[in-house]
Amino acid sequence: MPRLLGTCGALLAICCAAAAAPAAAQQDRVIGDGRAEYERHCQACHGDSGRGDGQMAKILVIPPADLTVIAEANEGSFPFWQIYAAIDGSQEVSGHETFQMPEYWARFREEETKPGYAAAHLRVLVLTHYLESLQAQ
Ligand code: HEC
């Protein structure tokens, strides 16, 4: 009997590992897509690491936000939908909806009709997940 239990345990461990692998791959893909959008649209102001130290930072009137401390500023939890809304422009945040922080939703909506572009909400979603992944532990 103990041997049988041991075999079951080993099988269970193999099954769990097999199930976890695709989930991890999906996660890497979402974060990777978010990173690609970030590099194209956000890095110039918010910087490579998201700390607000991009090339454009020195010429902006309002310095770009440090995107790695969002969770820290919200009692340790990342306000996912609030950040989603900040990126798509539906929630006004200081510095948004001015030239300081371009309105991505309008731009993404315009592009989604063109071949090769993902739907606007998916692009904002992967960006939000990417920012979530940047939060300092
Ligand atoms: C032209 C410069 C510029 C670009 C490009 C830019 N931002 Fe910003 N961003 C800002 C400024 C300025 C602020 C406001 C900082 C403040 O008020 O403290 C800001 C604020 C934010 C905030 C609010 C942070 C908070 O703590 O509430 C988020 C989230 C954000 N940006 C995400 C992004 C994302 C994602 C992109 C790319 C899709 C992007 N930004 C592109 C300049 C920029």
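Me: How are α4 and α5 oriented to each other?

Reply: Start with the angle between the axes. This is a predicted model. In it, α4 and α5 pack at about 130°, their axes 8 Å apart. Roughly antiparallel would need an angle over 145 degrees, and roughly perpendicular ends at 115. The pair α4 and α5 is therefore oblique.

Me: Which residues of α4 and α5 make the contact?

Reply: From α4 come Tyr104, Trp105, Phe108 and Arg109. From α5 come Ala120, Arg123 and Val124. Now look at spacing. An α-helix has 3.6 residues a turn, so residues three or four places apart point the same way.

Me: How do the residues of the contact of α4 with α5 divide by class?

Reply: Five are nonpolar and two are charged, with no polar residue.

Me: At what angle do the axes of α3 and α5 cross?

Reply: They cross at roughly 125° and come within 9 Å. That makes α3 oblique to α5. The crossing of α3 and α5 is right-handed.

Me: Which residues meet there, α3 against α5?

Reply: On the α3 side, take Phe80, Ile83, Tyr84, Ile87 and Asp88. On the α5 side, take Val124, Leu127, Thr128, Leu131 and Glu132. By class, the contact of α3 with α5 has seven nonpolar residues, one polar and two charged.

Me: Which residues of α3 are buried?

Reply: α3 spans residues 80–88. Its buried residues are Ile83, Ala86, Ile87 and Asp88. Their cover includes α4 (104–111) and α5 (120–134).

Me: What follows α3?

Reply: Check the backbone there. Glycine 89 follows α3, with a positive phi near 85°.

Me: Which residues have the most contacts inside the largest nonpolar core?

Reply: First, the general idea. In soluble globular proteins, nonpolar side chains tend to be buried together. Here the largest nonpolar core has 18 residues. Those with the most contacts inside it are Leu67, Ile83, Ile87, Val124, Leu127, Tyr130 and Leu131.

Me: Which elements give two or more residues to this core, and which gives the most?

Reply: α3, α4 and α5 each give two or more. α5 gives the most, with seven residues.

Key: Residues numbered from 1 in each chain as written. Predicted model: local features only at pLDDT ≥ 70, side-chain atom pairs only at ≥ 80, totals over all residues. Buried ≥ 20, exposed ≤ 12 C-beta atoms within 10 Å, placed from the backbone. Helix = DSSP H or I, 4+ residues; strand = E, 2+ residues; numbered from the N terminus. Contact = placed C-beta atoms within 7 Å. Axes fitted to C-alpha atoms, helices over the stretch in contact; angles between N-to-C directions. Parallel < 35°, antiparallel > 145°, perpendicular 65-115°, else oblique. Nonpolar A, V, L, I, M, F, W, Y, C, P; charged D, E, K, R; others polar. Core = buried A, V, L, I, M, F, W, Y, C linked by C-beta atoms within 7 Å. Left-handed = near helix turned anticlockwise from the far one by under 90°.
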